[in-house]
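Biologist: I am new to this one. Could you take me through its inside, one question at a time?

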Amino acid sequence: MAARTGQEFLRGLRDRRELWVGGEKVHSMVEHPALAGAAHALAEVFDLQHKHADDCLMPDPETGEPINVSHMIPGCHEDIHRRHRGLERTAEYSVGLMGRTPDYMNVTFAGFAGRHDEWAADGNEQGADNLVRYQKKLRREDISLTHTIVHSTVNLAKGKYPVGFDPVQLHKVEETAHGIIVRGSRVLATLAPFADELAVYPGAPMPDAAPEHALSFCIPMDTPGLKFICRDSVSVNTNRFEHPLSSRFDEQDAFVIFDDVEVPRERLFIDANLAVYNSVMKATWWPNIMQQTMIRAQTKLEFAHGLTARMAEAINLAQPQTQQMLGEIAMFAEFARASVYAAEQAAHHYGNGLWCCDVRPLIALRAALPTWFPRVNEIIRLIGSHNLLTTPSRAALADEALRPLIDRYLVGTDIDAERRSRLFRLAWDFAGTALGSRNEQYERFYLGSSGRNLGMAHMLADRTRANRLVDRFLLEELDEPAALQPAVAAS
């Protein structure tokens with residue numbers, strides 16, 4: 001099987017996974033009203049790769065069959081630019097609102113396989129071999145993969161990874177004839193209703209954890225014992241006129257319970273090997289995956305700038321303070337574009353043949369985004385004002401008695417009432433609805449909080465030039481001016 005179509009993707013979701021939305025156990029991800037919109041949106045993402053095959057598809061390096069470029073293991077500068085074009089196509093589909101389209105995990109595992117030597121350290125050669133084989137399966141079967149990498153927070157007074165009793169965090173319980181049994185919980189499996197398989201891998205080093213917590217593997221979503229409990233749906237309905245974004249882009253998030261789940265041995269990448277678990281994410285994960293994440297962020301900021309400018313133009317809102325706020329979003333978008341460009345231009349070899357972006361501008365951008373995105377939403381609400389709530393429904397616009405009145409009294413600058421309603425509904429769905437609120441929370445903590453990323457930006461910064469500039473003044477030989485020399489006593 002090569003790159004899948006949307007219909008092939010939807011057929012793959014008809015399995016027996018145990019997934020709950022509210023108090024209801026879902027029997028069909030494709031037909032459930034809270035999930036159908038996003039399921040069909042993801043199907044359109046799979047179709048997109050065929051519609052724009054020149055940008056999105058490439059031949060598998062071993063079989064020649066077409067695969068998505070997000071599975072590429074970059075080996076040169078041109079590969080980085082080639083992958084950019086495909087990632088940008090996917091980001092544009094959801095205007096950056098879906099942070100876990102399948103290309104995210106495709107890029108992640110391509111990077112893992114590209115540096116399988118890191119995974120083979122400390123006696124983990126078999127785990128590394130398993131990972132390389134799985135990455136080939138992932139790309140050739142065009143699997144939709146999600147992950148759960150954060151341990152549940154229960155009582156930090158007892159430590160993050162308590163030992164001495166049965167912990168709630170995911171851990172290895174015992175060996176079996178075919179693999180291992182795992183038990184516990186993890187968060188946050190975004191895309192859980194729309195993934196074919198689930199990945200577990202390190203989210204961060206665990207220096208104080210017991211080895212049984214150090215696990216990495218991939219298993220099908222309907223593996224016995226796996227349970228997914230979704231947050232409240234923010235997908236209102238499938239009416240794209242009234243809910244142009246939340247009707248299709250709620251990718252969902254799920255709490256994952258591993259109720260004595262058996263993981264086959266060939267699916268294990270780390271088996272209670274704490275040394276490997278604590279090291280594999282340090283060198284190449286960030287430089288590799290950040291290309292995908294920051295292209296998505298740049299796309300979202302550019303959409304927000306265009307959307308907000310359209311709102312101002314629709315009612316001829318041209319005061320200096322409005323232009324200033326629009327300039328803020330334009331600045332955010334341009335800084336994001338420049339950061340991605342700089343990172344790609346300075347891409348280099350990271351070892352074992354793998355090329356990745358220069359991580360420095362992307363780390364700086366990542367540290368800024370948790371404050372930029374909430375500000376963008378605030379600007380949209382300030383510029384939109386009451387107009388965000390003056391948006392007739394499709395039914396009202398279709399009413400023969402109401403429509404002439406709406407057309408007369410709710411117009412804008414060179415825009416009719418229907419287009420005006422669609423514009424301000426789009427802005428409200430982006431910044432003010434439940435989807436907008438969920439996405440703001442997502443951006444605040446996506447790949448770590450602002451504080452964590454600012455600290456990382458400082459710790460990873462190259463201070464060679466900065467130190468040289470400072471040392472010029474601290475280390476120079478000084479000739480004391482005469483006025484500062486001690487006075488000579490008169491003889």
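Biologist: How many cavities of 30 Å³ or more does a search of the whole structure find?

Modeller: Keep in mind that this is a predicted model. The search covers the whole structure and counts cavities of 30 Å³ or more.

Biologist: Which helix gives the largest share of the lining of the largest cavity?

Modeller: The lining has 13 residues, and V45, Q49, N68, T90 and P102 are the closest to the centre. Six are nonpolar, five polar and two charged. Helix 2 (36–51) and helix 5 (103–114) each supply at least two. The largest share, four residues, comes from helix 2.

Biologist: And which helix gives the largest share of the lining of the second largest cavity?

Modeller: Among the lining residues are K300, F373, N377, G436 and E443. By class, three are nonpolar, three polar and three charged. Helix 11 and helix 15 (434–445) each give two or more. The largest share, four residues, is from helix 15.

Biologist: How far apart are the end C-alpha atoms of helix 10?

Modeller: Helix 10 has 26 residues, so at 1.5 Å a residue it should span 38 Å. The computed distance agrees with that: 36 Å.

Note on methods:
Residues numbered from 1 in each chain as written. Predicted model: local features only at pLDDT ≥ 70, side-chain atom pairs only at ≥ 80, totals over all residues. Heavy atoms only, no water. Expected span 1.5 Å × (residues − 1). 1 Å grid on protein atoms, 1.4 Å probe; cavity = no way out; pocket = protein on both sides within 12 Å on 5 of 7 lines; lining within 4 Å. Points joined across faces, edges and corners; volume = space filled by probe spheres on them. Nonpolar A, V, L, I, M, F, W, Y, C, P; charged D, E, K, R; others polar.
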